[in-house]
Each structure stands twice: as C-alpha cells, then as structure tokens.
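Please examine the structure shown here together with its sequence. The paragraphs that follow explain its helix packing, its domains and the surroundings of its ligand.

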Amino acid sequence: MKKRIFVRKARSSDREAVFSFCEKTWSWGDYVPKVWDKWLKQRNGGVFVATINGMPVGISHLSVDKPGEVWLSAARTDPKYRRIGVATAITRKCLEYAKKKGAKVARLVTASKNKAAQTVLKKLRFKPIAEFVEMVTENITAEISKKSRLAEKDRTKEIWNYLQSSKTYHKAAGLYTVLYHWFSLQKEDLKRFVEEQKAIVHENEKGEVNGLTLIDDTTARQWHEDTMQTCYIDGDYNAVLDMIRFLKSRCYGLGVKKIYGFACNHKPITTALEQLGFEPPDSVEIVYEKKLS
Ligand SMILES: CC(C)(COP(=O)(O)OP(=O)(O)OC[C@H]1O[C@@H](n2cnc3c(N)ncnc32)[C@H](O)[C@@H]1OP(=O)(O)O)[C@@H](O)C(=O)NCCC(=O)NCCS
C-alpha cells in the first residue's frame, strides 16, 4: 500500500529520530546535529520534516537569504524510506513556502557524484546553472605579488563594471559562496566586501581592474579553525596567480593555517590555484536553480 507522506515544520521533539537517520548520511556522519538547534530557531526559514505514520523520515532546510532568493540544503531521507517520494514531497513544500515568502528563485548545491540528488532535482525541474570547485591548501607561505591589492572604496563602481563584462561572472551565474552556501553577487554585496577589506583586485599595466578575489573568514568562526576562504575569483591565469599570492602572504601574516579556495570551475582559475599548491577536489559542486512563478 502507498505510504502517506505528511510534511510540516520541524519541532524540537523530532530531534532524536532525525539525528538517528542522519547518523550514516556520509562515511564521516553528518553536520545536521551541529546546526539543528540554530536552524530550529531561525526566523528567515527553518527545517521541514516529512513524516509517515507520525514518524520523521526526512528533512530539508531552507533559508530566505535576500528578498527574492532562497537556499535549500540538507535534504535527507531515512535510508529505510528512500525512493517513495519523501525528498520530492519535502522539496515541493519548501518551494510553496518560498513562494509565500516572495521568493522568485530557489537554489541549492549538490556534488557531481551525487546521482540520486541530481535525479530528484531533474524530476523537480531544477536546472544546473554553474559549477564550482573547493580546492584546499595548507601551504601558506609569504609570496611576492606585483599587481594585487586590497580594493579601495572609491573603486567599487569600477569593479562592478568589470564584473558586468566578465565571462567568469557569467559562468558563475553571478554567484559567490560563503561556506557551502551560494548567494547572488550584487552591487551591495560587493560594496560590503570592499568596506570590510575582503576584496582583492588585480590591475593591468594601465592601472585598470582586471581581476577580483573576494574572501571571508566565516569558516574560522563556524568551524573554529585558523582558516580563510575565497568566495569568488575572477581574472585570467596571471591575474589569479598574482591575487592568490597576495592572499597567501596576507594569510601568512595573519597566522592562517589553511585556505579553502572556492571558485567557479573555470580552467585558468583552477590551473592557477593548482600551480600555487591547492589540492584539486574529487568532485565538482553543481548549483541548481528553479525559478518560482
Ligand atoms: C537524495 C535523497 C535525499 C533522495 O531522497 P528520496 O526520498 O529517496 O527521493 P525521492 O523518493 O523523492 O526520489 C524521487 C526520484 O528521484 C530519483 N532517485 C532518488 N534516489 C535515487 C537513486 N538512489 N538512484 C537513482 N535515482 C534516484 C528517482 O527517479 C525517484 O523517483 P522513482 O523512485 O519514482 O524513480 C536521499 O537519497 C538521501 O537522503 N541521500 C543522502 C543525502 C543526500 O545526498 N542529500 C542530497 C544532498 S544535495
């Protein structure tokens, strides 16, 4: 007999059942228990739970990031209840909720090797819009850079104009990432990165901007490590090489032990990162999008 799936907002009493079926999501476990309490208190979104006969059998998390865009994450179905429409039912509910909140677009990320997730997404008519890589290095050394510097506030407009005609910005679907969460990179985001001294620019011979790297240290605060990440990288091979040398030197001075190099999966960028000792990943991250009308 077909099992009836009911979807609702999560309650703290779901904790035990959810933690139990998340125990073996990946070989190392799952991050859901670490973020559960925070997610349940979240005002701009939350966790949705699917139940069968009153028992939690699946979850998904949603956050309303900016007016108009939502991010979905942590789709999990109890291995005993897979392939009966649980993830599909939760995602549909999340999209309904997102629409009610005024979202025009929903996005999420999955690894290229996660075929199950990709099939669910295809069935739900999500479209892959951009590919990213996470490359890591612990080889933090003082290096010489020639044409890179922290962006000054009065150059925000020039950087924004550079992005508008950048092929990489287009290839990255205009997105940047903090941790494993992708956001649209709009003018006000760029302004914030520049003001917080988290934007590195590269200049050509004429002093014009021809490269941009955005950085962030949320990983350090959330994961309690001496780490830094790149959120967005743009420029040709030489520009990227020079900006990342600048970043490495800065990290060296700050005592940062590890850099997570998140970037669009674009050969000149990934080759430059590899050249500077960043380990390539074994899987690509694909961001999917669904327009909500
Ligand atoms: C991905 C996951 C959430 C899917 O959950 P689910 O409840 O089994 O998904 P659904 O039953 O709604 O699947 C809908 C359709 O997707 C496809 N699908 C789902 N799992 C699949 C698999 N393992 N292989 C191939 N196709 C699959 C099928 O077409 C399925 O429809 P069908 O069974 O009628 O053919 C689940 O496998 C899971 O928890 N995996 C571990 C965590 C994970 O990878 N999360 C996603 C991170 S982005």
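This is a predicted model: local features need pLDDT of at least 70, side-chain atom pairs count only at pLDDT 80 or more; totals for chains, interfaces and linings use all residues.

Consider helix α5, which covers residues 156-164, and helix α7, which covers residues 187-195. Their axes are 10 Å apart, and the two helices pack at an angle of about 130 degrees. Because angles over 145 degrees count as roughly antiparallel and those of 65 to 115 degrees as roughly perpendicular, α5 is described as oblique to α7. The crossing of this pair is right-handed. On the side of α5, the residues that take part are Thr156, Ile159 and Trp160, and they meet Lys187, Leu190, Lys191 and Val194 of α7. Sorted by class, the residues of this contact comprise four nonpolar, one polar and two charged.

A second pair is formed by helix α9 (residues 237-254) and helix α10 (residues 267-275). Here the axes lie 8 Å apart and the packing angle is about 40 degrees. Angles under 35 degrees would count as roughly parallel, so α9 is oblique to α10. The crossing of α9 and α10 is right-handed. From α9, the residues Tyr237, Val240, Leu241 and Ile244 meet Pro268, Ile269, Thr271, Ala272, Leu273 and Gln275 from α10. This contact has eight nonpolar and two polar residues, and no charged ones.

How are α1 and α2 oriented to each other? Helix α1 (residues 15-22) and helix α2 (residues 32-41) cross at roughly 150 degrees, and their axes come within 10 Å. The two helices are therefore roughly antiparallel. In passing α2, α1 makes a right-handed crossing. Arg15, Val18, Phe19 and Cys22 of α1 make the contact with Val32, Pro33 and Trp36 of α2. Of the residues in this contact, six are nonpolar, none is polar and one is charged.

The chain as a whole is divided into domain 1, residues 6-103, and domain 2, residues 133-284. A distance of 32 Å separates the C-alpha centres of domain 1 and domain 2.

The last topic is the ligand. Which residues come nearest to the ligand? Among the 20 residues around the ligand, these are Thr77, Arg82, Ala87, Thr88 and Ala116. At least two residues of the shell are supplied by each of β4 (69-77), α3 (86-100) and α4 (115-123). Helix α4 contributes the largest share, six residues. In terms of class, the shell around the ligand contains seven nonpolar, eight polar and five charged residues.

Notes:
Residues are numbered from 1 along each chain as its sequence is written. A residue is near a molecule or strand if its C-beta atom, placed from the backbone, lies within 6 Å of it. Helices (H or I, at least four residues) and strands (E, at least two) are DSSP runs, numbered from the N terminus. Ala, Val, Leu, Ile, Met, Phe, Trp, Tyr, Cys and Pro count as nonpolar, Asp, Glu, Lys and Arg as charged, and the others, Gly among them, as polar. Axes are lines fitted to C-alpha atoms, for helices over the stretch in contact, and angles run from 0 to 180 degrees between N-to-C directions. A crossing is left-handed if the near helix is turned anticlockwise from the far one by less than a right angle, and right-handed if clockwise. Two residues are in contact if their C-beta atoms, placed from the backbone, lie within 7 Å. Domain bounds come from an automatic or database domain assignment.
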